[in-house]
Amino acid sequence: MLEALRAADEIAWRYFLLAFHSGMRTGELLGLDWSATTERPCLVVGQTRVRRRVKAHTKTGDQRRIMLPPVAWDMLASNPTRFRKSFVFLTPIGHPFLDADWLMDKWRAAHTAAKIRRRTMPYPWRHTYVSLALAAGASMVWVSKQTGDDISTLERHYARWVEGRLDADAAELAKVYR
């Protein structure tokens, strides 16, 4: 899917690559500026773009540090906007994105080109990120810090991804009591 997007549009590919590897919300991605990238391997997310305006806080009001894998850092390091003291993602004519409409049009077109059914729920990249992290064994505490969601929200929406780990967790606990 991301390769179909890359073939269609480099800007949209960069945006969604970071989305899938960070679990960030749309507004956080649109409001991301280069000052957030100074603490490698983490992004420091402290602002968002809501209703076309930048807000000096995230949805939850908290600044958070998001650990990124090398593939996301490599993309950022090669992003043409890196030399500007501006937003990470800019339109083809060099302006900040005020909303995600253009990017979502590219997203839908990439689904069609890749012949993949498009999920209609909001944030499919965010859900993929959380599901993969939990299925890989990341703790809910870590995932909640990465995404800015509280643990009860994660439990309500993603419990099925943790249930497969219950036997492994029980085996670890059994080692403690030996």
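Which residue just after H2 takes a positive phi? The close-ups below come from a predicted model, and the second view gives the answer.

**View 1. Helix H2, residues 10-22.** The helix has 13 residues and reaches 18 Å from its first C-alpha to its last, close to the 18 Å expected at 1.5 Å a residue. H2 is mostly covered, with ten of its 13 residues buried. Among them are Trp 13, Arg 14, Tyr 15, Phe 16 and Phe 20.

**View 2. The two ends of H2.** At the start of the helix, a side-chain oxygen of Asp 9 comes to within 3.0 Å of the backbone nitrogen of Ile 11. Just after the helix, Gly 23 takes a positive phi of about 75 degrees.

**View 3. Surroundings of Glu 28.** Glu 28 sits in helix H3, which covers residues 26-30. Because its relative accessible area is 1%, under the 20% cut-off, Glu 28 counts as buried. A polar atom of the Glu 28 side chain lies 2.9 Å from the backbone nitrogen of Arg 25. Leaving aside neighbours within four places in sequence, Glu 28 is in contact with Val 45, Gln 47, Thr 48, Thr 58 and Arg 64.

**View 4. The largest pocket.** This pocket holds about 270 Å³ of space. Its lining has 14 residues, and Arg 25, Lys 59, Arg 126, Asp 149 and Thr 153 lie nearest the centre. Helix H6 (124-135) and helix H8 (151-163) each supply at least two residues of the lining. By class, the lining residues divide into four nonpolar, five polar and five charged.

Definitions and conventions:
Residues are numbered from 1 along each chain as its sequence is written. This is a predicted model: local features need pLDDT of at least 70, side-chain atom pairs count only at pLDDT 80 or more; totals for chains, interfaces and linings use all residues. Side-chain values use heavy atoms; hydrogens and water are left out. Helices (H or I, at least four residues) and strands (E, at least two) are DSSP runs, numbered from the N terminus. The expected span of a helix is 1.5 Å times one less than its number of residues. Buried means under 20% relative accessible area, exposed over 50%, partly exposed in between (1.4 Å probe, protein chains only). A polar contact is a pair of N or O atoms within 3.5 Å; within protein, one must be able to donate a hydrogen and the other to accept it, and residues adjacent in sequence count only if both atoms are side-chain atoms. Contact means heavy atoms within 4.5 Å. On a 1 Å grid over the protein atoms alone, a cavity is a set of points where a 1.4 Å probe fits but cannot get out, and a pocket is an open set with protein on both sides within 12 Å along at least five of seven lines; lining residues have an atom within 4 Å of a point. Grid points are joined across faces, edges and corners, and a volume is the space filled by probe spheres set on the points. Ala, Val, Leu, Ile, Met, Phe, Trp, Tyr, Cys and Pro count as nonpolar, Asp, Glu, Lys and Arg as charged, and the others, Gly among them, as polar.
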